[in-house]
Amino acid sequence: MKLELTWLKDHPEAYDIGEKEFHLAFRTDDYDTAHELHESMGCICFENESMGIYFIEDPDGYWLEVLPVR
């Protein structure tokens with residue numbers, strides 16, 4: 001497991017957890033199956049098809065990024 005911490009140098013103000021800049025990301029070996037499951041659960045809250053990623057929202061409102069293994 002790897003944890004990546006990102007700092008946005010040009011971020012205009014203090015980070016606010018509600019702005020969705022803070023999140024965990026998960027890679028999956030079977031992106032299409034994961035996407036189908038999350039779509040059927042209705043928990044996809046944002047999708048960027050051009051980047052090949054999507055986000056699901058947990059019960060506390062935190063976004064979790066899902067991306068394929070590349």
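I started with His35, which is found in helix α1 (helices are DSSP runs of H or I with at least four residues, strands are E runs of at least two, and both are numbered from the N terminus). I was working on a predicted model, where local features need pLDDT of at least 70 and side-chain atom pairs count only at pLDDT 80 or more, while totals for chains, interfaces and linings use all residues. Residues are numbered from 1 along each chain as its sequence is written, and side-chain values use heavy atoms, with hydrogens and water left out.

**His35, continued.** Is His35 buried or exposed? His35 counts as buried because its relative accessibility is 13% (buried is under 20% relative accessible area, exposed is over 50%, partly exposed is in between, with a 1.4 Å probe and protein chains only). I then listed what His35 is in contact with, leaving aside neighbours within four places in sequence: Ile44, Glu47 and Tyr54 (contact means heavy atoms within 4.5 Å).

**Overall layout.** I noted one helix and four strands, in the order β-α-β-β-β along the sequence. Of the 70 residues, 29% are buried. Among contacts with a separation of 6 or more, 34% are between residues 24 or more positions apart. The protein exposes about 5,900 Å², with carbon and sulfur atoms supplying 54% of that (areas come from the Shrake-Rupley method with a 1.4 Å probe, and for residues only the protein chains shown count as cover).

**Negative patch.** Which residues form the negative surface patch? I wrote down Asp29, Asp30, Asp32, Glu36, Glu39, Glu47 and Glu49. A patch takes residues with over 30% relative accessible area and no salt bridge, joining like charges within 9 Å and nonpolar side chains (Val, Leu, Ile, Met, Phe, Trp, Tyr) within 5 Å.

I checked two members. Asp32 sits in helix α1 and is exposed, at 54% relative accessible area. Asp29 is in the loop between β1 (24–28) and α1, and is exposed at 77%. I also saw that Asp29 and Leu67, 38 residues apart in sequence, have their C-alpha atoms 9.0 Å apart.

**Glu65.** Glu65 lies in strand β4 (residues 63–68) and is buried, yet has no salt bridge (a side-chain nitrogen of Lys or Arg within 4 Å of a carboxyl oxygen of Asp or Glu). How far away is the nearest side chain of opposite charge? Arg70 is that side chain, at 7.1 Å. Beyond four places in sequence, I found Glu65 in contact with His23, Leu24, Ala25, Phe26, Ile53, Tyr54 and Phe55.

**Around Ile56.** Phe46, in strand β2 (residues 44–48), is partly exposed at 40%. Phe46 and Ile56 are ten residues apart in sequence and 7.1 Å apart, C-alpha to C-alpha. Not counting residues up to four places away, Phe46 touches Tyr54, Phe55 and Trp63. Met41 belongs to helix α1 and is exposed, with 54% relative accessible area. Met41 and Ile56 are 15 residues apart in sequence, with 9.9 Å between their C-alpha atoms.

Notes: Lys, Arg positive; Asp, Glu negative; His and termini not counted. Charge placed at Lys NZ, Arg CZ, Asp CG, Glu CD.
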